[in-house]
Amino acid sequence: KSFKSNIGFSNDRRHRQQPQQHWGGQQQQQRLRHPPPDQKSHRGAPPRGHAARSHEQNERYMNDWHQAYNNLEQMGKVPSSSSSTPRRSSARRRTGNVRPQVAARAGRRRTAAPSARTGMGGAGAAIERVSLGSARGGRGGWKAGPEGKSSSPPIEIRSSGRNILCMTVQGDEAVVGSSDHALYAYDLGSGMQTRQMYNKRNGHKEWVTCACHTSDGRVVSGGMDSRLILWGARGATCHELSGHTGSISVVKASDRHPVVLSGSYDKTVRTFDLRTRRQIACFQGHRGPILDLDWAPGLAVSGGRDGVAMAWDVNNGSRIGALKGHKGHVTAVRWLRASSDGSEEQEGYGGSEASIFLTGAQDGHVRVWDLRAKREIANIPCHVNKNGTGAVAGLEVSSDLRTVASAGADRTICMMDARKGFQIRHRACEHRDFIYSVKAVDNYVVSGGGDGSLYCHSMTEDRVLWGVKPLQNAVRCIGATKQRLIVAGDDGSAIIYKFA
């Protein structure tokens, strides 16, 4: 299966879009611009039939689908698309599909000023607020959310209009990776685009699936073209980190060392030296593609489609152990640490917070592992109910290490108490669609759904503080600092919130 199918894309390249609305006509013009592989191929591209090119079959399928639908439209078999707005529409745009109490208010988005350089502009659309009744936050900051008295109007960023798949935030800069093969950097204060990272010779030739910042402000990105690329701190200069032979699914860089860790559909985890731009080690052992990884100082853990989680010693390049127990793909892994990139070497390294990690899988279970004992110490059915199971979409840890939050395809957020054997302390069920992204900031966790909704949860008070609907389609990625929140997804745009 292609990487696109794994992250939840349906064959029509949009989140669960239905063919009964606004297809054909102007929509027809928004197909992928590059020709099929039998007409054109890029230098160094993987051979036909390779996993990194499996998406091309989906593209040809969609071209045929569009043509067939247009033929039906001309024959009068389906309603004609007469909307003057070329933007993709969906049945989910109806406010009532988010929550019964949704109100279309909360002011107008402040759109970044148009310019030839940024390509942004146009009138902002109204942001929909999700009413939570008595579960409102405080007067300002993260508790109050976008409607707090000290909050600034949200800023809308428009890039190329194509799906945004990944995001990395460092300081006042946010970088998003798009399905148009490029990355875009924005200033979080003004919302203005500062640079576009695309190089026809050395840049990505396919979708950008993951990205991260390095300690010196550079950016490392991975794509479906099997390329791992190191971009300079400015401009569009780049260098390829050679080694992977399959689509890159995840990449993370250390803030303490010039080292980057990446996982791929070639079933390997690799480390690269950013000074020499050469591979340090290649960790082999998984029998399926790597879906997620995380690391603590000197250690790394990975999860794959083979249903196995593996722990690695990054210093000597060896495998510590393979931990089995999940049924289905291991979709999320997380060390029990406040920092996910190994940048904070806390006191007691080698103690509990450096030896315990969590895994989530398709079976809806979250398992806790003790690396020293090389065994499972807890198994929590977080996303299992009478209606079935939901795959774990992400795991986050509070800054005080007391609470672990898991997000699942069953549309729930589970809060587990790390001090009481990881028992489920609270379950939030506000989402009305699959949860695709989750991000923790201090003791708050923000989750994004497939219908464009966004909720902020308190990990100490075990309640939902606020909810908004910034996008019309799936929220694929969330970035945050102490005072800012940025969300992006299938709409091809991003929204920046500022809290005092």
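Reader: Which residue in the turn of the hairpin formed by strand 7 and strand 8 has a positive phi?

Author: The model is predicted. In its hairpin of strand 7 and strand 8, 5 residues stand between the strands, and Gly191 in the turn has a positive phi of about 80°.

Reader: How do you know that strand 7 and strand 8 pair?

Author: Two strands pair if there are at least two bridges between them. Strand 7 and strand 8 (residues 193–197) have 4 bridges in the antiparallel sense, and therefore they count as paired. Within this pairing, Tyr186 stands opposite Gln193 in strand 8.

Reader: What joins strand 6 to strand 7?

Author: Strand 6 (residues 173–178) is joined to strand 7 by 5 bridges, and the two run antiparallel. Val175 stands opposite Ala185 in strand 7. These strands also form a hairpin, with 4 residues between them, and His181 in the turn has a positive phi of about 80°.

Reader: What makes strand 7 mostly covered?

Author: Of the 5 residues in strand 7 (residues 183–187), 4 are buried.

Reader: Why is Ile320 called partly exposed?

Author: Buried means under 20% relative accessible area, and exposed means over 50%. Ile320 has a relative accessible area of 25%, which lies in between, so Ile320 is called partly exposed.

Reader: Where does Ile320 lie, and with which residues is it in contact?

Author: Ile320 belongs to strand 20 (residues 318–324). Leaving aside neighbours within four places in sequence, its contacts include Leu299, Trp312 and Lys374.

Terms used. Residues are numbered from 1 along each chain as its sequence is written. This is a predicted model: local features need pLDDT of at least 70, side-chain atom pairs count only at pLDDT 80 or more; totals for chains, interfaces and linings use all residues. Side-chain values use heavy atoms; hydrogens and water are left out. Buried means under 20% relative accessible area, exposed over 50%, partly exposed in between (1.4 Å probe, protein chains only). Contact means heavy atoms within 4.5 Å.
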